[in-house]
Amino acid sequence: MRIVLVILVVALGLTGEVASAQQAASAGALAGSWLGPFTVVAAGIGMALAAGLCGLGQGRAIAAALEGMARQPGAAARIQTAMIIGLALIESLAIYTLVIAIILLFANPFK
Amino acid sequence: MGALEPPVFNTFGLPHHVVFSWVVMAVLIGAALALPRRPALIPTGLQNAMEAAVEFILSLIDDVIGPDGRRFLPLIATLGLYIFASNLLGLVPGFSAPTDNVNTTASFAIVVFFAYHWIGIRKHGLWPYLKHFAGPMPALAPLMIPIELISHLARPLSLTLRLFGNMLGGHILLSIVFFMTVGLSTWALSGAAGLLGVIIGGVGTVATVVFTVGFLFPLKLLVAFLQAFIFCMLSMLYIAGALEVEHGHDHGHGAHGAEAAAHH
């Protein structure tokens, strides 16, 4: 019974993966509107803002982690692990902006 | 994005991320099959590396979920090894990572989403598990339920976009640096800018190549491991959060400070 379930799920997954890969890019009603050139500027400025603020946030996280490690060198390994996780989570906010910028540059619905 | 397609292998009309995920599957299954049938008491070589990886993941599970979370090792370790191997495949010239396509990363996130809810429902029962979304007091329910709903829906979205954005961003960066180096160096070294151009072009090319190989490539290696680690860590945190809903949020096992991160 479990084997049947596993095979069913794997088959569904394979068909789903190949089917979803045939994405057709279609020009909607928004194509060619006046917003087109501004989206490129928006992508650049948005990414710059996100990168700068992400740098500030990560700087504060590392500063706090270093201070903790200096106070208690014995806890350095645990603090370092928590610092790495925190840095990756803060960075993911800038990554979301990067995804929006990539969409605006390469798959722009307004052009 | 035609310039970013891997030019080497013909994938027979199938999407790249599907074919390269088969490559990753073949590598991982081959590594598993290459292990000796009867493990040696003192491991060497491949068995040693695999044991080190599994012990690392087990220590993480013990830290985050607790010792009774060890039965989730197959899920977490499969996700971790598969994501790490997929990320690494993108660093090999001629291949591209299956994880730099949003379909692949979304499939991982959906699996984790259904997994941690299923684990919570199986442990506590359907109605008690759903009741915990209402918060500590019934009077707060109209406020807590939309907040919890949105935060739980944001989890697979953030898992997807984090992994996808990191891999695709690194891929684009390497492609841009590569094509820019090739273009600029051929233009400068062809003498179109005069002798000064040749000198500056030569030095610049060497500097860019050293920068790429010495800094960007190790950075991408680090990001490959880190993103797989973060994905596993967050999956474990979500599972731990689903397991301990009845006992409140102060149930030890080192998940204190991790709870704050789980509500990201």
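Modeller: A helix here is a DSSP run of H or I with at least four residues, a strand is a run of E with at least two, and both are numbered from the N terminus. T104(B), for instance, is found in helix 4 of chain B. What we are reading is a predicted model, in which local features need pLDDT of at least 70 and side-chain atom pairs count only at pLDDT 80 or more, whereas totals for chains, interfaces and linings use all residues. Residues are numbered from 1 along each chain as its sequence is written, and chains are lettered from A and ligands numbered from 1 in the order in which they are written.

Biologist: How many helices and strands does chain B have?

Modeller: Chain B has eight helices and zero strands, and along its sequence the pattern reads α-α-α-α-α-α-α-α. Chain A comes to three helices and zero strands, with the pattern α-α-α.

Biologist: What share of the residues in chain B is buried?

Modeller: We count C-beta atoms, placed from the backbone: a residue is buried if 20 or more others lie within 10 Å of its own, exposed if 12 or fewer do, and partly exposed in between. By that rule, buried residues make up 27% of the 264 residues in chain B, and 10% of the 111 residues of chain A count as buried.

Biologist: Is T104(B) buried or exposed, and why?

Modeller: T104(B) is buried, because 26 other C-beta atoms lie within 10 Å. M144(B), found in helix 6 of chain B, counts as partly exposed because it has 17 C-beta neighbours inside 10 Å. A76(A), in helix 3 of chain A, is also partly exposed, because its C-beta neighbours inside 10 Å number 15.

Biologist: With which residues is T104(B) in contact, leaving aside its neighbours within four places in sequence?

Modeller: Two residues are in contact if their C-beta atoms, placed from the backbone, lie within 7 Å. With those neighbours left aside, T104(B) is in contact with H17(B), S21(B), P98(B) and T99(B). M144(B), not counting residues up to four places away, touches F133(B), A134(B) and G135(B); the C-alpha atoms of M144(B) and F133(B) are separated by 6.9 Å, and the two residues are eleven apart along the chain. For whole chains, we take the contacts between residues at least 6 apart in sequence: in chain A, 85% of them join residues at least 24 apart, and in chain B, residues 24 or more positions apart account for 69%.

Biologist: Why does the span of helix 4 of chain B agree with its 23 residues?

Modeller: The expected span of a helix is 1.5 Å times one less than its number of residues. The 23 residues of helix 4 of chain B should therefore span 33 Å, and its end C-alpha atoms are 33 Å apart, which agrees. Just after helix 4 of chain B, G125(B) takes a positive phi of about 90°. Helix 3 of chain B, residues 73–89, has 17 residues and so should span 24 Å, in agreement with the 24 Å between its end C-alpha atoms.

Biologist: What covers the buried residues of helix 3 of chain B?

Modeller: The buried residues of helix 3 of chain B include I76(B), L79(B), I83(B) and F84(B). What covers them includes helix 1 (16–33), helix 2 (45–64), helix 4 (102–124), helix 6 (141–189) and helix 7 (194–243) of chain B.

Biologist: At what angle do the axes of helix 4 of chain B and helix 6 of chain B cross?

Modeller: Axes are lines fitted to C-alpha atoms, for helices over the stretch in contact, and angles run from 0 to 180 degrees between N-to-C directions. The axes of helix 4 of chain B and helix 6 of chain B cross at roughly 145° and come within 8 Å. Among the residues making the contact are F108(B) and V112(B) of helix 4 of chain B, along with L159(B) and L163(B) of helix 6 of chain B. The residues of this contact divide into eleven nonpolar, two polar and one charged, where Ala, Val, Leu, Ile, Met, Phe, Trp, Tyr, Cys and Pro count as nonpolar, Asp, Glu, Lys and Arg as charged, and the others, Gly among them, as polar.

Biologist: Which residues touch the most other members of the largest nonpolar core?

Modeller: A nonpolar core is a set of buried Ala, Val, Leu, Ile, Met, Phe, Trp, Tyr and Cys residues joined through C-beta atoms within 7 Å. In the largest one, which has 46 residues, F231(B), C232(B), M236(B) and I239(B) touch the most other members. At least two residues each come from helix 3 (76–106) of chain A and from helix 1, helix 2, helix 3, helix 4, helix 6 and helix 7 of chain B, and helix 7 of chain B gives the most, with 15 residues. Leaving aside its neighbours within four places in sequence, F231(B) is in contact with L79(B), I83(B), F108(B), L159(B) and L163(B).
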